[in-house]
Amino acid sequence: VNFSAPTPNQDAIAQCLIKAREPYCDESNSNGTGEHYESFYAFVAAEYKRKRGLLVDALISAGMDPIVPNGGFFIMADTSDITFPAEYMEEKTVAMPCDPMPRDWAMSRWLTKEVGVTAIPPSA
């Protein structure tokens with residue numbers, strides 16, 4: 001199987017990669033002054049760190065003990081102090097036909113159905 005990107009797309013991407021190394025100003029903040037970064041990459045890294053902080057704070061507020069990562073897209077948290085209805089442990093699904101359902105799967109189903117937040121069970 002061959003894969004190729006059209007030459008104009010390759011050129012456009014190459015120009016974007018070069019431009020992303022230049023100083024970057026984020027003008028989306030509410031005070032209108034704009035924050036300056038060494039590059040677009042530095043801005044993206046700062047945004048990920050800011051958003052990680054929001055999620056870590058939310059997990060702590062919800063009674064969980066998060067393991068704060070140095071990088072990546074996922075945060076693991078100890079959920080052993082969180083209680084949810086036992087019937088979620090007794091469910092069987094096509095994706096998880098075990099009896100009882102593993103706690104992480106059951107909690108993820110409960111979070112999705114009742115709280116409106118979807119988590120990926122670590123045992124998945």
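Here is a short tour of the model, stop by stop.

This is a predicted model, where local features need pLDDT of at least 70 and side-chain atom pairs count only at pLDDT 80 or more, while totals for chains, interfaces and linings use all residues. Residues are numbered from 1 along each chain, and side-chain values use heavy atoms, with hydrogens and water left out.

**Whole chain.** Start with a cartoon view: you'll find four helices and four strands, in the order α-β-β-α-β-β-α-α. Helices here are DSSP runs of H or I with at least four residues, strands are E runs of at least two, and both are numbered from the N terminus. The C-alpha atoms fill a box of roughly 55 × 50 × 25 Å along the principal axes.

**Core.** Next, select Leu59, Met64, Ile82, Phe84, Tyr88, Met96, Met101, Trp105, Ala106, Met107, Trp110 and Leu111: that's the largest nonpolar core. Such a core is a set of buried Ala, Val, Leu, Ile, Met, Phe, Trp, Tyr and Cys residues joined through side-chain atoms within 4.5 Å; buried means under 20% relative accessible area with a 1.4 Å probe, protein chains only. H4 gives the most to this core, five residues. Now click Ala106: leaving aside neighbours within four places in sequence, Ala106 is in contact (heavy atoms within 4.5 Å) with Phe84, Tyr88, Met89 and Met101.

**Pocket.** Finally, show Leu55, Leu59, Phe74, Ile75 and Met76, which lie nearest the centre of the largest pocket, among its 36 lining residues. Colour H2 (40–61), E4 (76–78) and H4 (103–115) too, the elements giving two or more residues to that lining. H2 has the largest share, eight residues. A pocket is an open set of points on a 1 Å grid over the protein atoms alone, where a 1.4 Å probe fits, with protein on both sides within 12 Å along at least five of seven lines; lining residues have an atom within 4 Å of a point.

Terms used:
Buried < 20%, exposed > 50% of the residue type's maximum accessible area, 1.4 Å probe, protein only.
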